[in-house]
Amino acid sequence: MEDKIISILHDMHPETDFSKSYTNLVSDAILDSFDVVQIISELESSFSISISALDILPENFDSVESICNLVKKYIK
Amino acid sequence: MKSIISGVKISSICAVVPARVLKFEDELKEFPFPESSSRRLGKVMGFREHRIADPKTTLIDLAAYGINCLFKEGVIKKEDIDCLVFSSQVREHLVPGNSKVLHGFLNLSRNTHCIDLYENCTGFISGLYTACSIMRASNLNCVLLVVSNSGCCYANKKDRNTYPLAGDAAGIAVISRADEKETIDFAFFNDSDLRDNLITPAGGMRMPATEETAKMHIDDMGNYRSLNQLHMDGTGVFHYVMENVPFLIKEICELADVKKEDIKYHLTHQPNRFMLEKLADLINVPREIMFNNIVENFGNSSSSTIPVNIAYNLSDKLIDNSYKVCLSAFGAGMSVAGAIMNLGKMDYCKLIEHPCNGSNEY
């Protein structure tokens, strides 16, 4: 799952090495709101999930780990 | 604020879009992002094509064309119009107001009262409330509500956050007397502490437009923008809508004593497809009854999106049938507005194209 998420992020921002442990992807403006929209769409199609609007919070997209945790919540 | 107005209805709607179509695919190269990234975003947000009038076709031209259509089709007569309520965030001139300019273009009776509202995306519902209030408090029989926005030809073509969803359009609603049992239930909420979420910083009295404010700068994410242009905090707007529109709908349903499942259609303002899909899921209504196809076909024309939505998606159905509908809008302010009513058995409901040829004759 982590590899897939890193691949999604890398496709959007090839200039960024997402394998590094970033913890503030949104608050440091590495990802903007439109990036988040694209990530959600990719996660939903890749993992066959539907993410609630209530979970579309900056902190859920601030790191690869937080995105993994979000996806796990829906896969369970 | 919540309010119930009885004995009034929308009897006709005409929506007007410019015939000039601009394609997202042709605009990709303007954005300071890889085309593949913009294309992917466009797919999620519903950026496909939008209608932007040429610089010579203004909001008054779009509105006048629609009203001339209503005259020509025999829906209303000039002498029947008691009052013109014009709601927009764009102005034909600084002075006089849009309603007076439109009154002049149409050569309306000097007995026709003219009112202007400066409104953003909630402008159709605010205008409807004003028009219905005037009807209710008077002996008038016909109030014309006009919403119209143009000027997207001047928008920043390098700003991927705002330009692909920009659109010009007008909407005209004829407000008439109805049976006293008919009510329109309204609710409005304002959260102006969040007004910086959606703001054009310069160009008004607080920060007059200057050479300095017109200078382009690159924002944190690489968009080109000046202080004279619209700034949108996409995350802030998204969260505002998701937190406040479900509450708004719950409040109006209670006011109208209507169950959510009794609403046949949710006719919302149209910011983008993604937001509307998430909103439909959040309030647990089928996506099919909350249309989300206006941005991809016409763009977001601020206060005009609701009449465009109604005319594009329901024009055929609303002549012979009547449905319980919930209108909702949200935007700059930040603010939300909603209305529940029976909509239908209308005299006229169509979306037409302004030919952008310098004429307002239908």
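Predicted model: local features only at pLDDT ≥ 70, side-chain atom pairs only at ≥ 80, totals over all residues.
Residues are numbered from 1 along each chain as its sequence is written, chains are lettered from A in the order in which they are written, and side-chain values use heavy atoms, with hydrogens and water left out.

**Exercise 1.** Describe the fold of chain A by its elements, its radius of gyration and its burial.

Solution. Step 1: chain A has 3 helices and 0 strands. Step 2: its radius of gyration is 11 Å, close to the 11 Å from the globule rule for 76 residues, so chain A is as compact as a globular protein of that length. The radius is taken over C-alpha atoms, and the rule is 2.2 Å times the number of residues to the power 0.38. Step 3: 51% of the 76 residues of chain A are buried, that is, under 20% relative accessible area (1.4 Å probe, protein chains only).

**Exercise 2.** Do the corresponding analysis for chain B.

Solution. Step 1: chain B contains 10 helices and 17 strands. Step 2: with 362 residues, chain B has a radius of gyration of 20 Å, close to the 21 Å of the globule rule, so chain B is as compact as a globular protein of that length. Step 3: the C-alpha trace of chain B spans about 55 × 45 × 40 Å along its principal axes. Step 4: 60% of the residues in chain B are buried.

**Exercise 3.** Characterise the interface between chain A and chain B.

Solution. Step 1: the contact (heavy atoms within 4.5 Å) involves 24 residues from chain A and 19 residues from chain B. Step 2: the buried area is about 1800 Å², with 65% from carbon and sulfur atoms; this is the accessible area (1.4 Å probe) that two parts lose on being put together, summed over both. Step 3: the rule finds 1 salt bridge across the interface, a side-chain nitrogen of Lys or Arg within 4 Å of a carboxyl oxygen of Asp or Glu. Glu44(A) and Lys278(B) form a salt bridge at 2.4 Å, N to O. Step 4: α1 (2–12) and α2 (33–47) of chain A each supply at least two residues of the side that touches chain B, and α2(A) gives the most, with 9 residues.

Methods: Helix = DSSP H or I, 4+ residues; strand = E, 2+ residues; numbered from the N terminus. Buried < 20%, exposed > 50% of the residue type's maximum accessible area, 1.4 Å probe, protein only.
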